[in-house]
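Let's take a friendly walk through this model, from its aromatic rings to its strands and on to a helix. Have the viewer open and follow along.

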Amino acid sequence: MGKFVVKETANGGFKFDLKAGNGEVIASSQIYKSEKACYAGIESVKTNCAAEVEDQTVENFEVKKHPKYEMYTDKAGEIRFRLKAKNGEIIATSEGYKAKAGALNGIASIGKNAPDADTVKQ
């Protein structure tokens with residue numbers, strides 16, 4: 001079972017990582033100014049994680065409504081995704097993957113792990 005791990009950053013902000021049952025980080029948040037805002041971000045991921053995927057790696061991709069996952073190719077040529085909430089704000093981002101299948105597995109893992117994940121503070 002997955003878990004959200006909340007930690008304070010060096011500059012006094014807060015961020016979270018969603019970790020799978022094996023401890024691997026599936027997605028990470030932005031840095032929030034307050035711990036309360038960080039916890040609100042976690043709730044937003046739980047609420048929005050069943051979103052559709054907008055595959056921006058292909059030409060003429062179909063634009064999806066928010067909430068959605070945007071899958072894209074970064075400057076290094078790796079595939080990444082970001083989860084956007086209903087208001088269009090980015091609430092979680094992934095690491096880089098060598099193949100689209102890896103990114104799609106990451107998205108599926110969020111859908112599987114996030115809804116019932118516990119939250120722990122480090």
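A search of the whole structure finds four aromatic pairs, where rings of Phe, Tyr and Trp (its six-membered ring) pair if their centres lie within 6.5 Å, and planes under 30 degrees apart count as stacked, over 60 as edge-to-face and the rest as tilted. Before looking at them, please note that this is a predicted model, in which local features need pLDDT of at least 70 and side-chain atom pairs count only at pLDDT 80 or more, while totals for chains, interfaces and linings use all residues. Residues are numbered from 1 along each chain as its sequence is written, and side-chain values use heavy atoms, with hydrogens and water left out.

A pair of aromatic rings is described by the distance of the centres and the angle of the planes. One of the pairs is formed by phenylalanine 16 and tyrosine 32, which are stacked at 6.4 Å centre to centre with 15° between the planes. This pair links distant parts of the chain, 16 residues apart: phenylalanine 16 is in strand 2, and tyrosine 32 is in the loop between strand 3 and helix 1. Helices (H or I, at least four residues) and strands (E, at least two) are DSSP runs, numbered from the N terminus. Phenylalanine 16 and tyrosine 32 are both buried; that word means under 20% relative accessible area, whereas exposed means over 50% and partly exposed lies in between (1.4 Å probe, protein chains only). Ring pairs also bring in Phe4, giving a cluster of Phe4, Phe16 and Tyr32.

Now turn to tyrosine 69 and phenylalanine 81, both of them buried. Their rings form an edge-to-face pair, 6.0 Å centre to centre and with 80° between the planes. Tyrosine 69 belongs to strand 5 and phenylalanine 81 to strand 6, so the pair ties together parts that are twelve residues apart in sequence.

How do these two strands run? Strand 5 and strand 6 are antiparallel, joined by six bridges; strands pair if DSSP finds at least two bridges between them. Threonine 73, for instance, stands opposite isoleucine 79 in strand 6. The two strands form a hairpin with five residues between them, and glycine 77 in the turn has a positive phi of about 85°. Strand 5 also pairs with strand 4, in the parallel sense and over four bridges, with glutamate 52 opposite lysine 68 in strand 5. Five of the six residues of strand 5 are buried.

The loop between strand 4 and strand 5 deserves a stop. Most residues other than glycine have a negative phi, and most peptide bonds are trans. Here, asparagine 60 has a phi near 55°, a positive value in a residue other than glycine. Asparagine 60 is in this loop and is exposed, with a relative accessible area of 78%. Proline 67 lies in the loop between strand 4 and strand 5 too, and the peptide bond from histidine 66 to proline 67 is cis, with omega near 0°.

Finally, look at helix 2, where Ala103, Gly106, Ile107, Ser109, Ile110 and Asn113 are buried. They cover an arc of only 155° around the axis, which puts them on the same side of helix 2; the arc is that of the directions from the helix axis to the C-beta atoms. On the other side of helix 2, Ala101, Asn105 and Lys112 are exposed.
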